[in-house]
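Dear colleague,

Here is the structure I promised to pass on to you, and below it you will find my notes on what turned up. Please keep the viewer open while you read.

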Amino acid sequence: MSKVAMFMVIDNKDLLPDFLQEIVKMGVSGFTLFDCSGFGRSTLLSEESLFQSIEKIMSADEVKEKTFLFFVLDDSKLEEAKNLAEKIFGEVNKPDTFFAFATDIKWMA
């Protein structure tokens, strides 16, 4: 059975336990989580030098804490995982919900 890796950036970490509980029921046996900062819709990115922009971004109130989540699941469960993410975190095309993508795994050790 082929596997996929799913990568997610989640805006509301309070909803994360519900999601993790459900993906474990789907057969996911482990996952990696870490805090990150997101700037995708930031007004702080500018024409200035990259280092000046980064300095502004790191000290701004506009930067939101997010959670990065990575896990591996059977390819046959991908659609179920996507639907579950939208059910728990909200529609993916709306702001302040989540961002996700999945990719086939060719090799894993």
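Is Phe-31 buried, partly exposed or exposed? Before I answer, please bear in mind that this is a predicted model. Phe-31 has a relative accessible area of 35%, so it counts as partly exposed, since that class lies between the 20% limit for buried and the 50% limit for exposed. The residue sits in strand β2, which covers residues 31-38, and together with Val-24 and Leu-33 it forms a nonpolar patch on the surface, whose accessible area is about 240 Å² in total.

Thr-97, in the loop between α3 (78-89) and β4 (98-104), is buried, because its relative accessibility is 7%. Its side chain reaches the backbone oxygen of Glu-91 at 3.2 Å, and, leaving aside neighbours within four places in sequence, its contacts include Val-9, Asp-11, Phe-89 and Val-92.

Now to the aromatic rings, of which a search of the whole structure finds eight pairs. In one of them, the centres of Phe-7 and Phe-68 are 6.3 Å apart and the planes stand at 45°, so the pair is tilted. This pair links distant parts of the chain, as Phe-7 belongs to strand β1 (residues 3-10) and Phe-68 to strand β3 (residues 64-74), 61 residues apart. Phe-99 and Phe-101 also form a tilted pair, with 6.1 Å from centre to centre and 55° between the planes, and Phe-101 is partly exposed at 43% relative accessibility.

Best wishes

Definitions and conventions. Residues are numbered from 1 along each chain as its sequence is written. This is a predicted model: local features need pLDDT of at least 70, side-chain atom pairs count only at pLDDT 80 or more; totals for chains, interfaces and linings use all residues. Side-chain values use heavy atoms; hydrogens and water are left out. Patches are made of residues with over 30% relative accessible area and no salt bridge: like charges are joined within 9 Å, nonpolar side chains (Val, Leu, Ile, Met, Phe, Trp, Tyr) within 5 Å. Accessible areas come from the Shrake-Rupley method with a 1.4 Å probe; for residues, only the protein chains shown count as cover. A salt bridge is a side-chain nitrogen of Lys or Arg within 4 Å of a carboxyl oxygen of Asp or Glu. Helices (H or I, at least four residues) and strands (E, at least two) are DSSP runs, numbered from the N terminus. Buried means under 20% relative accessible area, exposed over 50%, partly exposed in between (1.4 Å probe, protein chains only). A polar contact is a pair of N or O atoms within 3.5 Å; within protein, one must be able to donate a hydrogen and the other to accept it, and residues adjacent in sequence count only if both atoms are side-chain atoms. Contact means heavy atoms within 4.5 Å. Rings of Phe, Tyr and Trp (its six-membered ring) pair if their centres lie within 6.5 Å; planes under 30 degrees apart count as stacked, over 60 as edge-to-face and the rest as tilted.
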